[in-house]
Amino acid sequence: MPKLKTRSAAKKRFDVKKGGKVKHAKAFAKHLFTFSKTPKSKRSNRGTGHLRDMDAKKVIKEMFPYGG
């Protein structure tokens, strides 16, 4: 049986950790910071976050056939 391929888009956007958590970059954080964003929203969109368990399970099952 042939090997299953990981979704290319998922490879670029998510990182599956050893404990089953899925790390992702925050949304709305590109060029939009140059105007009309409050300091609070700029701070909260900095860096990375983790998907909730239910969403992480879906992402791993559908896009990462070998769990990351």
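Close-up 1. D15 is partly exposed, with a relative accessible area of 36%, on a scale where buried means under 20%, exposed over 50% and partly exposed in between (1.4 Å probe, protein chains only). Searching the whole structure turns up one salt bridge. Side chains of opposite charge can pair when their charged atoms come close.

A word on the model before we move on. This is a predicted model, in which local features need pLDDT of at least 70 and side-chain atom pairs count only at pLDDT 80 or more, while totals for chains, interfaces and linings use all residues. Residues are numbered from 1 along each chain as its sequence is written, and side-chain values use heavy atoms, with hydrogens and water left out.

**Close-up 2. A positive patch on the surface.** Here K5, K11, K12 and R13 gather in a surface patch of positive charge. Patch members have over 30% relative accessible area and no salt bridge, with like charges joined within 9 Å and nonpolar side chains (Val, Leu, Ile, Met, Phe, Trp, Tyr) within 5 Å. K5 sits in the segment before α1 (8–13) and is exposed, with a relative accessible area of 77%. Helices (H or I, at least four residues) and strands (E, at least two) are DSSP runs, numbered from the N terminus.

Close-up 3. In α3, which spans residues 53–63, the buried residues are A56, V59 and I60. They lie on the same side of α3 because they cover an arc of only 95° around the axis, the arc being that of the directions from the helix axis to the C-beta atoms. Look to the other side of α3 and you will find M54, K57, K61 and E62 exposed.

**Close-up 4. V22 and H50.** V22 belongs to strand β2 (residues 22–25) and counts as buried, at 0% relative accessibility. From V22 to H50 the C-alpha to C-alpha distance is 5.5 Å, although 28 residues separate them in sequence.

**Close-up 5. T6 and F64.** T6 is found in the segment before α1 and, at 30% relative accessibility, counts as partly exposed. Its C-alpha atom is separated by 5.1 Å from that of F64, 58 residues apart along the chain.

Definitions and conventions
Areas by Shrake-Rupley, 256 points an atom, 1.4 Å probe, with all protein chains shown as cover. Salt bridge = Lys/Arg side-chain N within 4 Å of Asp/Glu carboxyl O. Lys, Arg positive; Asp, Glu negative; His and termini not counted. Charge placed at Lys NZ, Arg CZ, Asp CG, Glu CD.
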